[in-house]
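Welcome to this guided tour. Keep your viewer open and select each stop as you come to it.

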Amino acid sequence: MKKIDGIAKSVSEILKGNKYSIDYYQREYKWESKQLQELVNDLASKFEEAWEPTHEREQVEKYPHYFLGSIIISEKDSVPYIVDGQQRLTTLTLLLTFLRRLQQGRDDEVLIDDLILSVKYGKKSFNLNVKDREKCMSALFEHGTFDLDDSTSESVKTLVARYNDLADLFPEDLRDNALPFFIDWVQHRVQIVQITAYTDDDAYAIFETMNDRGLKLTPADMLKGYLLANIADGEPRVKANDLWRKRLQGLAERDKDADSDFLKTWLRSQYARRIRERKKAAKPEDWDRIGTEFHRWLRGEASRIGLNKTAKYLDFVLTDFDFYSRQYLRILDAASWRFTSPGLEFIGYNADQGFTLQHQLLLAPLRPHDPSGVVDIKLELVARYVDILLAWRIWNYRSIAYSTMQYAMFIVMRDIRGLEMDELAHRLHVSLQRESETFDSNDRLRVHQQNRHQLHRLLARITDYIGVQSGEAPKYRELTNNNKVRYEVEHIWANRPEQHTDEFPHAYEFGEHRNLIGDLLLLPKSFNASYGDDTYEQKLPHYLSQNLLARSLHLQCYEKNPGFMQFLKSTDLPFRPYGSFKAADVVERGNLYREIAKRIWDPNDLLDIAKRAH
C-alpha cells in the first residue's frame with residue numbers, strides 16, 4: 001500500500017468547500033425510513049443530553065462530540081471519490097437541506113448552504129456530485145419538493161421519500177429555540193473519520209478489511225448463546241436451538257434487521273418498566289437499554305423476569321419466544337399487506353403512516369395462553385386505538401414522528417401490558433377520551449407540503465369508506481398507489497386566483513382557502529394533467545368517471561344509485577351535489593369530510609368490539 005491518511009473531521013470540514021464524486025456502480029441511494037429514523041433519533045438524543053434553554057450559542061463548542069462512523073475516500077487525479085460512506089453523506093446532505101428550509105425566515109438562521117452546494121458563475125454545484133440526482137436535489141434545495149414520474153430512477157425516488165420522511169421524523173422540540181443550536185452542533189461537533197487512500201486498490205483493500213475480516217457476533221447471537229447455556233444439554237437445548245434458529249432465519253428473510261427488531265420489540269413490550277427522561281444527564285432506562293444492548297440487559301435482569309432455573313430458560317424459548325415471534329411475523333404480514341385477517345387491516349393503515357411504534361404496543365397485551373381469537377381481538381383493539389390517535393394528531397397538525405411519540409407510547413404500552421380483552425378495550429377508550437384534540441378541534445384542516453402524504457392516506461380512507469358502505473369493492477390499496485394507476489391529492493379548484501377575485505381579492509387568501517380539505521380529492525395523476533386547469537364547471541362531468549367521493553359532487557350521482565342513496569339514508573351525512581363550487585361550499589364540503597372521519601375513527605368502536613366478542 002501507498003500512503004493512507006485517517007483523520008477525524010467535523011461534518012463542516014468534510015462537506016464545506018469539497019466536491020465528492022461517486023463511482024457509477026455505487027450511485028444507488030438505498031437508505032430506508034428505519035435507518036433515517038435511527039440516525040435522527042441518535043442525533044437528537046445526544047444533542048438533548050447537552051443542550052439547555054439557558055445556553056448561549058457559543059456554548060455549543062463545549063458540547064460532546066458525536067461519532068458518525070467512517071468514510072473511505074480514493075483520490076484520483078486530485079478528485080476525491082467515495083468508496084464507502086456515500087449513503088451516510090447523502091443522508092446528511094438531505095438532513096442539512098431539510099434544516100436549511102426549516103429555519104428559513106428566522107432571525108437566527110444558520111447559514112449552511114455551503115455544506116450542501118457551491119455557486120460558481122451563477123451555476124449551482126452540489127458537494128456530492130452525482131449527475132442523475134442534480135434536478136432532484138436542486139428542487140429539494142429550492143422548493144422542498146420534487147415531482148416524480150415514470151422515468152424517475154429508484155435512487156431518486158428513495159431520495160425524495162427520505163426527504164419527505166424528515167418532516168415526520170424530525171422532533172418537534174428541536175424546531176423552536178433549540179434549532180440553531182442543533183444545526184451548529186451537527187456541523188461542528190458531529191464527527192466522521194475520513195480515511196483517504198491514493199489508489200483504488202488501496203481504498204478497496206481497506207474497505208474489505210473493515211467489513212469482511214472476522215466473524216462478528218450480533219446481539220441476537222449473544223442472547224441465544226446466553227439462553228442456551230442455561231438450558232440443560234441434550235434434547236432440550238437442541239430443540240430450543242432449532243426453534244430459535246429457524247424463527248430468526250424466517251424473520252431475517254423479511255428484512256435484514258427483522259430478527260433484531262423483533263427481539264427489541266418483544267422485550268420492550270413485556271419487560272420495560274422505565275424510559276429515559278428527555279433532559280440533560282438523564283440515564284438510559286430499560287426501554288433504552290433494550291434498544292441498544294438487549295443481550296446485556298437480559299443477563300442483568302434475568303432474575304427479575306423469572307429466569308432463575310434451567311426449566312424457566314427452556315420455557316422462555318419454547319413458549320414465550322415461540323409465541324411472540326409468531327405474533328410478530330403476523331404483525332409484519334399485516335403491516336406489509338401480505339396477509340390480513342379481518343380487523344388486522346388497521347395494522348396496515350398505521351404502517352402506511354410510517355408508525356413503527358405500534359409493534360411494541362400490539363405485543364404488549366398478549367399472553368402466550370391467549371386463544372387465537374382473543375389474540376386477534378387484542379391486536380385489533382390496539383391497532384384501532386393507534387389508528388384513531390394518529391388520525392386525530394394529523395388532523396390537528398401534530399407530529400406522529402417516532403421521537404415525538406415514543407415517550408407517550410411507552411406509557412400506553414406499559415399500562416396495557418397483559419390486560420384481558422375487556423379491560424384493554426376500556427383502558428384504550430379512556431386513553432382516547434383524555435386526548436385534548438380530536439376532529440372537532442380543527443375545522444380548517446389544510447394540505448401543505450409536510451402533511452400531503454398523511455392526508456393522502458386519510459383521504460384514501462374516507463374515499464374507500466364511502467364506496468364500501470355503498471356496496472362497492474374496497475379501493476384503499478388502489479388509492480394509495482399499490483396499483484398501476486397513480487393517485488394524487490388534487491384540488492377541485494384550479495390554481496387560478498383570477499377566477500375567484502369576487503371572493504378573494506388577494507391571491508394568498510385564495511391559496512389558503514384552496515388548500516382546505518373540502519377542496520381536495522384523490523384522483524389519478526392523468527386526470528389532473530388533462531383537466532387540472534379547467535374551471536369547476538368544466539371538470540364536473542368528468543368526475544362521474546372517478547371514485548364515489550368525486551362523483552358525489554355531480555347531481556347524477558344521486559340518481560339510480562341505490563347503494564349510495566341507502567348509505568345516505570342510514571347515516572344522514574350531509575352530501576349534496578354542487579352546480580358551482582364557491583368559498584362557502586369548500587367549507588361545507590370540509591365539514592362533510594370531518595363528519596365522515598368521525599364515523600371511521602370512532603373511539604366507541606373499541607368498546608363495541610369487546611362486547612361483540614362475548
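Start by selecting strands β3 and β4 (residues 79–84), which run antiparallel and are joined by 5 bridges. Strands, like helices, are DSSP runs numbered from the N terminus: a strand is E with at least two residues, a helix H or I with at least four. Two strands pair if DSSP finds at least two bridges between them. This is a predicted model, in which local features need pLDDT of at least 70 and side-chain atom pairs count only at pLDDT 80 or more, while totals for chains, interfaces and linings use all residues. Residues are numbered from 1 along each chain as its sequence is written, and side-chain values use heavy atoms, with hydrogens and water left out.

Stay with this pair and pick Glu75, which stands opposite Pro80 in β4. Now look at the turn: the hairpin of β3 and β4 has 2 residues between the strands, and Asp77 takes a positive phi near 55 degrees.

Next, select strand β8 (residues 190–197) as well. It runs parallel to β3, and 7 bridges join the two.

For another hairpin, move to strands β5 (residues 117–120) and β6 (residues 123–126). They run antiparallel, with 4 bridges between them. Lys120 has Lys123 in β6 as its bridge partner. There are 2 residues between the strands, and Tyr121 in the turn has a positive phi of about 55 degrees.

Now show side chains and look for salt bridges, each a side-chain nitrogen of Lys or Arg within 4 Å of a carboxyl oxygen of Asp or Glu. How many salt bridges does this rule count? The count comes to 41.

Select Arg100 and Asp113, whose side chains meet in a salt bridge (2.8 Å, N to O). This pair links distant parts of the chain, 13 residues apart: Arg100 is in helix α3 (residues 86–102) and Asp113 in helix α4 (residues 113–116). Arg100 counts as buried because its relative accessibility is 11%, whereas Asp113, at 32%, counts as partly exposed.

Jump to Asp387 and Arg461, a salt bridge whose closest N and O atoms are 2.9 Å apart. Here the partners are 74 residues apart, with Asp387 in helix α16 (residues 372–395) and Arg461 in helix α19 (residues 452–469). Both Asp387 and Arg461 are buried.

Then select Lys34, Asp255, Asp257 and Asp261 together: they are linked in a network of salt bridges.

For the last stop, show α19 beside helix α26 (residues 583–600). Their axes lie 10 Å apart, and the helices pack at an angle of about 80 degrees. That makes α19 roughly perpendicular to α26, a label for angles of 65 to 115 degrees (under 35 is roughly parallel, over 145 roughly antiparallel, and the rest oblique). Axes are lines fitted to C-alpha atoms, for helices over the stretch in contact, and angles run from 0 to 180 degrees between N-to-C directions. Which residues of α19 make the contact? They are Leu459, Arg461, Ile462, Tyr465 and Ile466, and they meet Tyr593, Ile596, Arg599 and Ile600 of α26. Contact means heavy atoms within 4.5 Å.

Technical notes: Buried < 20%, exposed > 50% of the residue type's maximum accessible area, 1.4 Å probe, protein only.
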